[in-house]
Amino acid sequence: MLIIFGFLFGGVLLGYLLRRYRVLWIGKVTTVLIWLLLFLLGVEVGCNDELIRSLPTLGLEGLLIAVACGLGSCLMAMLLWRIVRRKSRAAESTEPAVSGDSADTKAAKAGALKDSLIIIGFFVAGILLGVSGILPFDLSKTNVAMWALYALILSVGFSVGNNPDILRELKRLNPLLALLPLMTIVGTLAVSCLLGLVLPGRSVAETMAVGSGFAYYSLSSVLITEYIGAELGTVALISNICREFMTLVAASLLVRRFGPLAPISCGGATTMDVTLPAIVHASGEKYTVLSMFHGFAVDFCVPFLVTFFCSL
């Protein structure tokens, strides 16, 4: 665990020291590392006959956790929104601020869905390779995945430290709205804790580790695989992909049912990039800064919370 945090903070420090030089290619490095890690996870799953037989069950379990955690965070976001509304002199409408998709918004949403499909494709390719049995050695017994994980953690930290815009935008936030990441975390963990009490064969720590991914499926699934095993890592991957997908396709519905903060809360760690276009379309452009701050704060908490619950 200490090694993971060391790479994370080391990346933040390195990115901050080099903040005058925007390293734009680090995002591509992160993407390639995500593809590699999920491919390796797929290989490990494919080499395990018992996991292959239980994939339908794991998929349903992951979907259940995603929907429950997403709704739990939306309820907390709705609570915060009502508090803000009561304290605000000028009431704000909870209806979507944009009536239709612009060409840019449609393209961004299509690109986000395409990225998710690519991720799934690498995972499936890994499964097929593992099932084929043509590998001359067992990848799960090597350190390739662990070193790739360290590199991913380092690049994520670097991206945060190298982006000066995040710190500047924080100053513009309503102090109460700055509590939204906390509400997302509390709502998600409360529901995942309850699921751990009712799901057969799962402990509270395991379901909370899955929920702590907050739609950051690549990092959370790999961490859980390394600490607990490929079975729960697969559940985490499916669950957090479903949570991201739910935010992309149901953002407008969430605004109507729970208020404009709901799709931000449901999107978890993805609201500063992948799900941002859908959120801005559904909630309004004035929530762009809040969405980016929320994604940054929750994203930063993912490795801490996941490793904490995995170690229980």
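The model is predicted: local features need pLDDT of at least 70, side-chain atom pairs count only at pLDDT 80 or more, and totals for chains, interfaces and linings use all residues. Residues are numbered from 1 along each chain as its sequence is written, and side-chain values use heavy atoms, with hydrogens and water left out.

Start with the overall fold. The chain has 14 helices and zero strands. Helices (H or I, at least four residues) and strands (E, at least two) are DSSP runs, numbered from the N terminus. Of the 312 residues in the chain, 51% are buried. Buried means under 20% relative accessible area, exposed over 50%, and partly exposed in between (1.4 Å probe, protein chains only). Contact means heavy atoms within 4.5 Å. Among contacts between residues at least 6 apart in sequence, 83% join residues at least 24 apart.

Next, the cores. A nonpolar core is a set of buried Ala, Val, Leu, Ile, Met, Phe, Trp, Tyr and Cys residues joined through side-chain atoms within 4.5 Å. The largest has 47 residues, and L219 and I224 have the most contacts inside it. Leaving out residues up to four places away in sequence, I224 touches A209, V210, G229, L232, G233, A236, V306 and C310. A second, separate core holds 13 residues, including V84, M183, L261 and I279.

Now the helix pair. Helix α9 (residues 204-211) packs on helix α11 (residues 230-258) at an angle of about 40 degrees, with axes 9 Å apart. Axes are lines fitted to C-alpha atoms, for helices over the stretch in contact, and angles run from 0 to 180 degrees between N-to-C directions. That angle makes α9 oblique to α11. Angles under 35 degrees count as roughly parallel, over 145 as roughly antiparallel, 65 to 115 as roughly perpendicular and the rest as oblique. From α9, the contact uses E206, V210 and G211; from α11, it uses L232, V235, A236, S239, N240 and R243.

S265 sits in helix α12 (residues 262-267). It counts as buried because its relative accessibility is 0%. Beyond residues up to four places away in sequence, S265 touches S73, C74, A77, L180, T184, R243 and H294.

L305 lies in helix α14 (residues 288-310). L305 has 18% relative accessibility, so it also counts as buried. L305 and L189 are 116 residues apart in sequence and 9.9 Å apart in space, C-alpha to C-alpha.
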